[in-house]
Amino acid sequence: MSLKKRKSTAPDSSSESDYIAPAKVARKSKTSSGKHPVEISGYIAKLATPEYDVIQTFNCQFYNAARYPGFSERCTSCIEKQAVCGGCRFINLRVFKRVDGNVDYGDYAFRSNLDLPVKGGARVSEKKVSKRKKMEIPQTTRGTRSRPAPPTVIIDIEEEEATTDAGTSATCVNLTPAELKAEASYVLPLIAPTFAEQLRREQRHESDHLGPPTGYGLPGSPRPLIRILSLPETRSVCDTCSTSIYMGGYLCGCCGLELCLGCWEEWEVSEVRDGITFRSRDACSRRRRHIRDSMIFVTRASDGEISKLLERVERHIPSVEKQEKEAADAAIDTNSIRISQPFWPNDEGPKYLPTPKVHHSELTLRQFQALWRRGGIPLVLTGFTDRFKLPWDPQYFIRNHGKEPCFVHDCIDGTAMETTVAEFFCKFDDPACIVSHKLKDWPPSADFSTAFPKLFRDFESALPFPSYTARKGTLNLAAHFPEKYNAPDLGPKMYNAYPAPDFLPQFEDKIAQSHGIKGTTNLHLDLTDAMNIMLFSAGGTLAPASSTTAKAIPACGAIWDIFPPSASAGIRAYLNSSEYLASHPGTAAQDDPIHRQCYYLTETDLTTLSNEHGIWSHRIFQEPGEAVFVPAGCCHQVRNRKSCVKVAVDFLTPENVVVCKGLVEEARRMAGEFGRTKKGKEDVLQLWACLGFAWEFYDVEGKGMGGKVVDSGREILDGVEKSGENITMTELELKVGSAGETKLDNETHAEATEDGLRSEIIGDITPTRTEIVVTESVT
């Protein structure tokens, strides 16, 4: 088996058509250019029978024509010789036929690799399957892997600097059985409906290929099915849309291309279309077109595993009545949270939604969870400056990392340039600086805990709600990957940037204004929930009044605009409208202008959106020591008012898994229909693997005691947060209409603060959760 990024393979089927050489059935057509003939793939995928007893144990490149005559079909990874494509797709899966003692490399089939030894890269001589040595590593499956050690959760924070190794939390304890049961009663009902939906989809595909047609309506005839190992070092990714493959996928028997379940369901084979331009799913090796008959269904699930896991998951799906009651309770629990709401100097500008903003010590875990269950409401927590022990200022980075090379990007045109950390930070707090550069996603590839172990420990020890936000927090569903598995990298990462162009001293110059208003971070969507803490800000004192006072922008560190999930569709339509494109020369319509991260919405855009489309943003003025929480599904953008040092971390919460599912599907649909240059937004989250490992951690009773179900209650809230009593609702009611317009039923406002913010009580500031609904082709 190959290591690194191995493309997955597929399961079992009863069709064993005889192999027909491609030349005998090849039909030639013309490409759109009319110059090159294109063959239809003639290989009919089949399962190995006893006469197919010679296993491919080396990569395809090893089998040269001189030593192995007739060996012609090589996988795409071996043809392109690119590590990014993964290792050889056919090692230990493809078997050749032996005829009169000789191996016929032109006639092959596929088999499971569960009984084969995995020796990373070691050559093994070709032997009959019956003679193979048994597996030397324990067999594991995607849904039922055992975790080496129980995960931990931070329950206290030490005042002194942590002394633990990098990558571990400062003060951690294992959950007691009672704590585990309480968390399970909260988490499992939240994730069960979404997880069960995916498992049913996996089950439909597997069942359709196990025997006679099931009537599920999947395209194509039943395919041969094989079961393969899922190895810790590998992550299978769809070659068309870049989505992570959980259990099942489809493997081409000619080139090894792998499709996820979604791409298989959507694939309209080219030979039945009038158009003849190649689609990315159609392109096989040697200028051939894929057909469904060449595909094999590959699954990493053991026989019956999906059905058993689905049965356990379905027991925890809460009733509609229970979900409605919990939604009502969440609204009550958040009524006491203070809010801030900025206002434009006059009635002609944009309108903003109120945002919960409190000191971190004033918000209980119970209230945070209730706010997150409501969905789509950002949060600002203050008072974190004293929780950090290290300086996190330019001098610290110059002193400790100044000589390290790095790439910075120009916020005006996006160009990248190589420099050093010291050169970047030396002008960081200079108010006369006339460039807008950013050092984003730092470190770019290395793990933060490895590159900056002291900073990582300092960051983890200061986190609010560490059971959610810490790398090993149990309520962070991405934290349950077993050791050695290819877990998602959700940060933390640093975002260091100068003031945005319109806050530079020369912006009032006509040449500078011609560049327009640019963001430090353009409008985009993360695949998960996120938290961003500002640690330092400086400079920006010479910003022109036209960019600050005229727009009621205080001398803050950074300006955020965060939109409710319901606003995304309207924003996409606005950015792709002919009016917007005509007024912004050089722009073009995008398949997804938010996910492509191409635009920054100026105050003029925000005015149009709020006044003409009813779309309002949560505008936040972030200062050092403040943490901004962005719920999954909320598109957002950032513009630095000053030079800022910020650290961000992503985390997967049980409250928002349904939203994350929709975001993953949105990213998948961004893959280009034609060619191979336009990929989907890479699925770094591995949502279904996260849910699978989290389920195995929490569903102890269902796994070990016959599926006994714990009642979905709120023990975790009451047990952990003793001070989370409900507070009487205030008279203020903030209602948001379906278009996003905020209306005040009661003008009970506190006095405006000096920076123009008004402090209120959070009432019903958003509609009930807006879920991202994705229509699937398989029902």
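Helix α17 is mostly covered: 12 of its 12 residues are buried. Buried means under 20% relative accessible area, with exposed over 50% and partly exposed in between (1.4 Å probe, protein chains only). The model is predicted, so local features need pLDDT of at least 70 and side-chain atom pairs count only at pLDDT 80 or more, while totals for chains, interfaces and linings use all residues. Residues are numbered from 1 along each chain as its sequence is written, and side-chain values use heavy atoms, leaving out hydrogens and water.

**The covered helix**

α17 spans residues 657–668. Helices are DSSP runs (H or I, at least four residues), as are strands (E, at least two), numbered from the N terminus. From first C-alpha to last, α17 reaches 16 Å, close to the 16 Å expected at 1.5 Å a residue. That expected span is 1.5 Å times one less than the number of residues. Among the buried residues of α17 are Val657, Lys661, Glu665 and Arg668. Their cover includes α3 (177–210), α4 (261–266), α14 (568–575) and α18 (687–698).

**Confidence**

pLDDT is the predictor's confidence in each residue, from 0 to 100. The protein averages 75, and 71% of the residues score at least 70. Over residues 1–37 the pLDDT is below 50, yet this stretch has 130 contacts beyond near neighbours in sequence. Contact means heavy atoms within 4.5 Å. Residues 118–173 also have a pLDDT below 50, with 124 such contacts.

**Rings**

The structure holds 43 aromatic pairs. Rings of Phe, Tyr and Trp (its six-membered ring) pair if their centres lie within 6.5 Å; planes under 30 degrees apart count as stacked, over 60 as edge-to-face and the rest as tilted. Phe90 and Phe110 form an edge-to-face pair, 5.6 Å centre to centre with 65° between the planes. Phe90 lies in the loop between α2 (76–80) and β4 (94–99) and Phe110 in strand β5, so the pair ties together parts 20 residues apart in sequence. Phe90 has a relative accessible area of 0%, and Phe110 has 1%.

Tyr485 and Phe693 are edge-to-face too, because their centres are 5.6 Å apart and their planes at 65°. Phe693 sits in helix α18, 208 residues from Tyr485. Both are buried.

**Charges over rings**

A charge sits over a ring if NZ of Lys or CZ of Arg is within 6 Å of the ring centre and within 35 degrees of the ring normal.

| Charged residue | Ring | Distance from ring centre |
|---|---|---|
| Arg94 | Tyr108 | 4.8 Å |
| Arg292 | Trp264 | 4.5 Å |

Tyr108 also belongs to a cluster linked by ring pairs, including Phe90 and Phe110.
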